[in-house]
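Subject: Structure handover and findings

Dear colleague,

Please find the structure below, handed over for your use. The findings follow after it.

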Amino acid sequence: MALKRTPSRWWDALILAAIGACMTAWTWLTWPDILVDFGRELYVPWRLVAGADLYTDLAYFNGPLSPYFNALWFRVFGESVQTLVAVNLVVLALITWALYWTLSHAASRFSALAATAAFLAGLAFIRTNYNFVAPYSHELTHGILILLVGALAVYRFADLGGRGRWAFTVGLCAGLCALSKPEVFVASLALPVGLGVGMAVLGLPRSRVRSLAALATMGALVPLAVAYALLAWRIGAGAALSGLAAPWAMSLDRRVTSLEFYRAIMGLSPLWWNIAITSYQLAVLGFLAFIGVLFAHAHARLRPTESQNPRLIWRLTALAAGVGVSLVLFSMVPYLALSRAQPVVLLTLLVFMWRRLPGPGAGGRVCATSALVVTLILVAFLFAGKMVLATGVFHYGFALAMPGTMVMIVAVLEWAPREADSRGWTGSLFRLWAVGILVAVAALHLVDQSNRLEIKTYVLGTAPDRIRTDPVRGPAVGRALDVISANLRDGETFVVIPEGITLNFLLRTETPTPYLNFMPPEVLHFGEDNMLESLERLPPDLLILVQKDTREYGLGGFGEGYGRELLAWARDRYETIEVVGAAPLFGTDRFGIEVMRLRTR
């Protein structure tokens with residue numbers, strides 16, 4: 001059943017639109033990083049519009065869905081930062097709508113509004129590259145939208161008694177997720193599970209279950225078949241198959257996954273320390289929940305008079321205590337670290353909700369809600385798997401931990417109070433205690449992000465490619481762009497090492513090599529010898545060395561811990577035109593860029 005367009009829901013829409021507009025204005029132009037990651041998200045669709053082919057002309061290690069989607073809009077509206085940002089704002093609006101829709105059917109309108117508002121204010125805009133306006137990987141943001149649409153399809157399937165077209169839609173969403181990133185596809189496995197829950201609770205006969213499963217499977221195969229056919233038409237059958245398998249080849253490459261960076265992301269390094277920290281944060285979260293339970297239980301036991309004032313005092317006390325205790329606690333315990341407990345909480349919720357599933361034969365709203373809740377919790381649990389022992393809303397967590405964060409907010413605002421009421425306690429007091437905690441977290445988070453935004457005072461580039469960045473790298477990159485532009489003749493090319501394909505996009509100059517950057521994961525996966533061979537076969541006219549600290553990968557700097565042959569080749573074949581800032585690469589923590597030209601032999 002679709003949401004009724006009541007005045008209250010229109011008010012919710014206006015509130016969310018106002019939050020989105022305020023956050024857009026406050027964070028204007030601060031979303032992308034000028035050198036890291038986002039340049040790939042600009043450069044790849046730009047080259048696709050120009051006729052390049054994914055996986056052959058461009059060494060790409062994610063699925064084809066997002067780059068071709070972005071290339072479509074580049075073709076329609078022109079290739080620029082502004083175009084991609086505008087498209088992403090539309091995608092963000094769709095995510096916001098889908099998130100509110102799903103959560104309001106999984107719980108109440110109030111909890112859906114609170115969670116969606118928290119998403120907009122806390123995750124959607126703030127952190128550079130790790131936001132929904134200029135994400136480091138569009139596969140994640142597009143994947144979240146597809147997963148939410150898939151959850152909506154699960155709900156509609158169960159609500160309408162098992163319609164085949166909705167089973168097909170669930171499979172279609174899972175197939176689209178397979179064209180993005182492995183972590184998105186893994187999360188999409190929750191969709192057929194939710195479909196199965198819906199069929200079980202509806203009590204459908206086996207023959208009907210088999211036909212619906214076939215429809216869902218057909219839906220999943222359609223996008224894969226279309227993608228394969230289109231890629232095979234462009235690059236050949238074998239290359240198309242390798243391209244579709246590229247995300248898994250990268251994710252399963254032990255040389256890459258064993259890097260210190262990815263082990264730290266998963267919480268595997270150091271393992272026991274992360275287990276201890278996660279356990280500690282789980283205890284802190286349990287402590288906060290326990291106080292909320294005490295409020296709910298004590299109010300029910302004391303049975304205050306029904307006069308308005310005592311009830312109002314209890315409510316104000318619970319709300320104020322939630323704010324006050326949280327502010328004191330989070331002055332000692334980082335509030336963002338509480339998300340480390342997310343996998344355990346989600347698994348607990350999944351088991352709890354699974355045991356509460358109604359028996360076969362339940363129909364309508366009860367069945368639909370049950371299937372939707374299980375789907376959302378399982379999506380959130382699987383999505384956070386990449387950060388299993390170090391889950392957080394920072395870094396990759398802006399997307400990976402987003403569904404889990406929304407589910408946890410709904411749990412404390414709706415499911416836990418409902419459970420308290422079923423036990424004869426006062427669930428509304430638990431809810432007010434939780435609201436107080438969320439208010440404190442929101443205030444601390446916005447103050448923290450305000451400090452981050454204050455340093456972005458330098459505007460790089462001109463419309464429609466302007467970016468606000470820090471006053472250290474910004475002027476250096478601006479000067480480097482001027483030097484490159486002044487020394488780049490018609491038809492010449494340049495390569496940025498180890499990372500900075502953004503410069504190629506801003507100057508609309510392609511790189512002669514298919515490799516988009518020379519960071520440790522790419523060098524290990526694609527092979528330094530292959531990269532060097534590509535450069536020797538078609539050497540760029542200019543070579544740009546950019547300071548980049550890669551010690552977090554555990555290999556040292558470029559040319560020191562990895563990429564030695566590449567740097568030796570560069571020093572032998574190129575001569576320096578100008579050094580902007582400090583001499584780049586290893587031996588200094590100061591930022592700098594070196595512009596070099598190919599020697600004449």
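The buried residues of helix α2 are Phe38, Gly39, Arg40, Glu41, Leu42, Tyr43, Val44, Pro45, Trp46, Arg47, Leu48 and Val49, where buried means under 20% relative accessible area, exposed over 50% and partly exposed in between (1.4 Å probe, protein chains only). The model is a predicted one, in which local features need pLDDT of at least 70 and side-chain atom pairs count only at pLDDT 80 or more, while totals for chains, interfaces and linings use all residues. Residues are numbered from 1 along each chain as its sequence is written, and side-chain values use heavy atoms, with hydrogens and water left out.

Helix α2

Helices are DSSP runs (H or I, at least four residues), numbered from the N terminus. Helix α2 covers residues 38–49 and reaches 18 Å from its first C-alpha to its last, close to the expected 16 Å; the expected span is 1.5 Å times one less than the number of residues. Twelve of the twelve residues of α2 are buried, so the helix is largely enclosed by the rest of the structure. Its buried residues pack against α3 (65–77), α4 (81–106), α6 (138–159) and α22 (501–506), with contact taken as heavy atoms within 4.5 Å. Just after α2, Gly51 adopts a positive phi of about 110°.

Aromatic pairs and charges over rings

There are 25 aromatic pairs in the structure. Rings of Phe, Tyr and Trp (its six-membered ring) pair if their centres lie within 6.5 Å; planes under 30 degrees apart count as stacked, over 60 as edge-to-face and the rest as tilted. Tyr43 and Trp46 make an edge-to-face pair, with 5.5 Å centre to centre and 70° between the planes. These two residues are three apart in helix α2, and are therefore separated by about one helical turn. Trp73 and Phe77 form a stacked pair, at 5.9 Å centre to centre and 15° between the planes. They lie four residues apart in helix α3, which again means a separation of about one helical turn. Trp73 is partly exposed, its relative accessible area being 28%, whereas Phe77 counts as exposed at 57%.

One aromatic cluster is formed by Phe119, Tyr130, Phe132, Tyr136, Phe261, Tyr262, Tyr396, Phe398 and Tyr553.

A charge sits over a ring if NZ of Lys or CZ of Arg is within 6 Å of the ring centre and within 35 degrees of the ring normal. Arg47 lies over the face of Trp46, 4.7 Å from the ring centre. The charged end of Arg508 is placed over the ring of Phe505, 4.0 Å from its centre.

Helix α9

The 13 residues of helix α9 (residues 190–202) should span 18 Å, and the end C-alpha atoms are 18 Å apart, which agrees. Buried residues in α9 include Ala190, Leu191, Gly194, Leu195 and Val197. Among the elements that cover the buried residues of α9 are α6, α7 (164–177), α8 (182–188) and α10 (206–235).

Cavities

A cavity is a set of points, on a 1 Å grid over the protein atoms alone, where a 1.4 Å probe fits but cannot get out; lining residues have an atom within 4 Å of a point. The count comes to five cavities of 30 Å³ or more. The largest cavity holds about 130 Å³ of space, a volume being the space filled by probe spheres set on the points, which are joined across faces, edges and corners. Of the 13 residues that line the largest cavity, Leu99, Leu148, Leu376, Val379 and Pro403 are the closest to its centre. At least two lining residues come from each of α4, α6, α17 and α19 (402–422).

Yours sincerely

Key
1 Å grid on protein atoms, 1.4 Å probe; cavity = no way out; pocket = protein on both sides within 12 Å on 5 of 7 lines; lining within 4 Å.
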